[in-house]
Every structure is written in structure tokens, then in C-alpha cells.
Amino acid sequence: MAEHTHPNYMKIFWILAVLTVIEIGVVFLPIPKLAIAVLLCALAVIKAAYVAMYFMHLKLETRTLGLIAITPLVIATLLVFVLLPDGFAVAKKTDAAKKPAAVAPAKH
């Protein structure tokens, strides 16, 4: 039987800590908000992968179990993109409702 070696948890901790500091730094970058959101999402996915691989021990599992673990992420991503148009439509309708009514010209 093969001996199971434990990962270096302190190394993983420091990697996650550095990624968190990078996320905080990304928020203050002078770039468009969409780029900040994309970078933050990418960093969050990387951190989630580290947690899943090492703390949930998926790195040692078979490929099939790894695919089963990734399936909800894919479904959630598709759901977000399917719902985005509805969110933008509600935002437009809300912005139109906030506009003040035209003021009638004063009579002399």
C-alpha cells in the first residue's frame, strides 16, 4: 500500500494569503471596474481550486470525482451568464423610473 504524504499546509496557507493580498491590491488599481471584477473572479477561482485540491483532498482523488466537483462551478457560471440580460433590463427600467418628470413652463 502506498504511503499517503500530507501536503505542506503552511505553504498552502501562505499561497492563499498572498492571493488575498493581491485581491485587495486589485481593488485599488486604476483600471475599469469590469477588469477589476474579472481579475477578482479569476483569483477567487484559483483560491477555491487550492482549497478544493488540498483541504478537501481532491488532488488525490480520481479524475471522475474531480469532474463531479467542477460541474457545479460550470453550472453556476452558465446561470450567471443566462441571468445577466435580465439584470441589465431591470437596471435600465429602474434608471428610467428615477428620471424626474418634465417641469411645465411657467405662465406669465
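The model is a predicted one.

**Confidence and overall content**

The chain has a mean pLDDT of 82, with 81% of its residues at 70 or more. Confidence is highest in H1, at 95, and lowest in helix H3 (residues 63–98), where the mean is 77. Where pLDDT is low, the predicted coordinates should not be read in detail. Of the 108 residues of the chain, 9% count as buried. Among contacts between residues at least 6 apart in sequence, 54% join residues at least 24 apart.

Helix H1 consists of 19 residues and reaches 27 Å from its first C-alpha to its last, close to the 27 Å expected at 1.5 Å a residue. The buried residues of H1 are Ile 12, Leu 16, Leu 19, Glu 23 and Val 26. Viewed down the axis of H1, these buried residues fall within an arc of 75°, so they line one face of the helix. An α-helix has 3.6 residues a turn, so residues three or four places apart point the same way. On the other side of H1, Lys 11, Trp 14 and Val 21 are exposed. The cover over the buried residues of H1 includes H2.

Helix H2 (residues 33–55) has 23 residues, which should span 33 Å at 1.5 Å a residue; the C-alpha atoms at its ends are 32 Å apart, in agreement with that expectation. Within H2, the buried residues are Ile 36, Leu 43, Lys 47, Ala 52 and Tyr 54. They pack against helix H1 (9–27). After H2 comes His 57, whose phi is positive, near 60°.

With a side-chain nitrogen of Lys or Arg required within 4 Å of a carboxyl oxygen of Asp or Glu, the count comes to 1 salt bridge. Lys 47 forms this salt bridge with Glu 23, the closest N and O atoms being 3.1 Å apart. Since Lys 47 lies in helix H2 and Glu 23 in helix H1, the pair ties together parts that are 24 residues apart in sequence. Both partners, Lys 47 and Glu 23, are buried.

Why does Glu 23 count as buried? Its relative accessibility is 15%, and buried means under 20% relative accessible area. Glu 23 is placed in helix H1. Leaving aside residues up to four places away in sequence, Glu 23 touches Leu 40, Leu 43, Ala 44 and Lys 47.

**Aromatic pairs**

A search of the whole structure finds 2 aromatic pairs. In one of them, the rings of Phe 13 and Trp 14 have their centres 5.0 Å apart and their planes at 70°, so the pair is edge-to-face. The pair formed by Tyr 50 and Tyr 54 is stacked, at 6.0 Å centre to centre and with 20° between the planes. Tyr 50 and Tyr 54 both lie in helix H2, 4 residues apart, about one turn of the helix.

| Residue | Relative accessible area | Class |
|---|---|---|
| Phe 13 | 44% | partly exposed |
| Trp 14 | 51% | exposed |
| Tyr 50 | 23% | partly exposed |
| Tyr 54 | 15% | buried |

The cut-offs behind these classes are under 20% for buried and over 50% for exposed, with partly exposed in between. At 51%, Trp 14 therefore counts as exposed, and it is among the exposed residues on the other side of H1.

Key: Residues numbered from 1 in each chain as written. Predicted model: local features only at pLDDT ≥ 70, side-chain atom pairs only at ≥ 80, totals over all residues. Heavy atoms only, no water. Helix = DSSP H or I, 4+ residues; strand = E, 2+ residues; numbered from the N terminus. Expected span 1.5 Å × (residues − 1). Buried < 20%, exposed > 50% of the residue type's maximum accessible area, 1.4 Å probe, protein only. Contact = heavy atoms within 4.5 Å. Arc of directions from axis to C-beta. pLDDT = per-residue confidence, 0-100. Phe/Tyr/Trp six-rings, centres within 6.5 Å; stacked < 30°, edge-to-face > 60°.
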